[in-house]
Amino acid sequence: MISRKLLDGLLDGTLEDHPNYVGGKYEGYYILIDHNLRTDNHRLQISAHSPQDPGNAALLQFVEGLQAETEGISSVVRSAYSIAAGITVDMGWELIDLLNNLIDKIIDYLKQNNYTSGCASCGRDVAVASYNINGKYGLNSWICPDCAEKIRSSLEESKAENPAPKKQSKLLPGLAGALIGAVIAGIAYVIIYRLGFPAAFVGLFIAFLTFKFYDNIGGCLDRKGTVICSLLVVAAAFLSNYVAWTFRALDSFKGYGWTFFEVFSRLSNIIIQADAGMDYVRELVYLFLFLLAGTAVSVLLINTPAKGDGMYTITKNK
């Protein structure tokens, strides 16, 4: 996304801004600008072709000439029905000026040589829409519905022929990460409990931080990671509540010289003698309900790739 001011300065504000591209029709030609890609900072694509220029060879030569005289154009790539340029200029007015100058020169050339604009895949002058191919590290393009379906079928075939290898997490780093996440959330539970606020909801964060830290540091959340984290969040929740109750009991023994560890080691008997067993169990039940919900949500979110992030995908942009 770019700022409203920059967008208004780009081709007189004729293009629309989207999360990872800017696009629209300008002077009769479909234009799309990807930004923040892995290979180039930005990618300009103009859908155009001419029967007098098979394969857009002459168009490629013209744009390569512009590349030679324009600093910031890193690459030029043609297809039979489009031309694309990679641009390595940071977002700002320098980029807007470069794009305005470059696009106007290309459009003038296209008009003078009777190029037409349509689907970037087949060239037909039919209704087109912007599609994302292969997620945020792929590209966007103006494509007709028929070509989109053909590309989808082709991607599905490629996916079947080249399945992605299953990721395996690194056990020790992942375990260390999960412990860090569990400890952070556990400390938060004790603090909130000590402040006198309901703390059961922290079970959500105990689960999420444990699973997320395992995923981040271990490389991924695989089956063994899920099992380990599930066991760890149960232990972390039980221990956090036990520590919170230890502090609670310790407050009642002020003036008797008891230490934290003495109360900790005798807490079960103290709870029974104080007839507080039902309160203790009730708090554990509430905590574990939130813990269960947090575990389910964490596993779902971490194991589900963001929409359009995977390879072999084509999705219509909104």
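Start by selecting Asn100, which sits in helix 3. As you look around, keep in mind that this is a predicted model. Asn100 has a relative accessible area of 17%, under the 20% limit, so this residue counts as buried. Along the sequence, Asn100 and Leu10 are 90 residues apart, yet their C-alpha atoms are 6.3 Å apart in space.

**How confident is the prediction?**

The average for the chain is 89, and 94% of the residues score at least 70. Helix 2 has the highest confidence, at 96, while strand 9 (residues 314–316) has the lowest, at a mean of 85.

**Two residues with positive phi**

Move on to Leu11, in the loop between helix 1 (4–9) and strand 1 (16–17). Its phi is near 50°, a positive value in a residue other than glycine. Most residues other than glycine have a negative phi. Is Leu11 buried or exposed? Leu11 is buried, with 2% relative accessible area.

For another example, jump to Asp275, in the loop between helix 8 (260–273) and helix 9 (277–303). Asp275 is not a glycine either, and its phi is positive at about 55°. With a relative accessibility of 69%, Asp275 counts as exposed.

**Salt bridges**

Side chains of opposite charge can pair when their charged atoms come close.

Show the side chains of Lys111 and Glu27, which meet in a salt bridge with an N to O distance of 2.5 Å. This pair links distant parts of the chain: Lys111 belongs to helix 3 (residues 93–112), Glu27 to the loop between strand 2 (21–26) and strand 3 (29–35), and they are 84 residues apart. Lys111 is partly exposed at 40% relative accessibility, and Glu27 is partly exposed at 43%.

Next, select Glu69 and Lys105, whose side chains form a salt bridge at 3.6 Å, N to O. Here too distant parts of the chain are linked, with Glu69 in helix 2 and Lys105 in helix 3, 36 residues apart. Glu69 is exposed at 56%, whereas Lys105 is partly exposed at 32%.

Then pick Asp222 and Lys224. Their closest N and O atoms are 2.9 Å apart, in another salt bridge. Asp222 is buried, at 10% relative accessibility, while Lys224 is partly exposed, at 31%.

One of its members, Glu71, lies in the loop between helix 2 (57–69) and strand 5 (73–79). The relative accessibility of Glu71 is 77%, so this residue counts as exposed.

For the last stop, select Val183, Ile187, Ile191, Leu195 and Phe197. Together they make a nonpolar surface patch with about 510 Å² of accessible area. Where is Leu195 found? Leu195 is in the loop between helix 5 (171–194) and helix 6 (202–218). Leu195 is exposed, with 56% relative accessible area.

Definitions and conventions
Residues are numbered from 1 along each chain as its sequence is written. This is a predicted model: local features need pLDDT of at least 70, side-chain atom pairs count only at pLDDT 80 or more; totals for chains, interfaces and linings use all residues. Side-chain values use heavy atoms; hydrogens and water are left out. Helices (H or I, at least four residues) and strands (E, at least two) are DSSP runs, numbered from the N terminus. Buried means under 20% relative accessible area, exposed over 50%, partly exposed in between (1.4 Å probe, protein chains only). Patches are made of residues with over 30% relative accessible area and no salt bridge: like charges are joined within 9 Å, nonpolar side chains (Val, Leu, Ile, Met, Phe, Trp, Tyr) within 5 Å. Accessible areas come from the Shrake-Rupley method with a 1.4 Å probe; for residues, only the protein chains shown count as cover. A salt bridge is a side-chain nitrogen of Lys or Arg within 4 Å of a carboxyl oxygen of Asp or Glu. pLDDT is the predictor's confidence in each residue, from 0 to 100.
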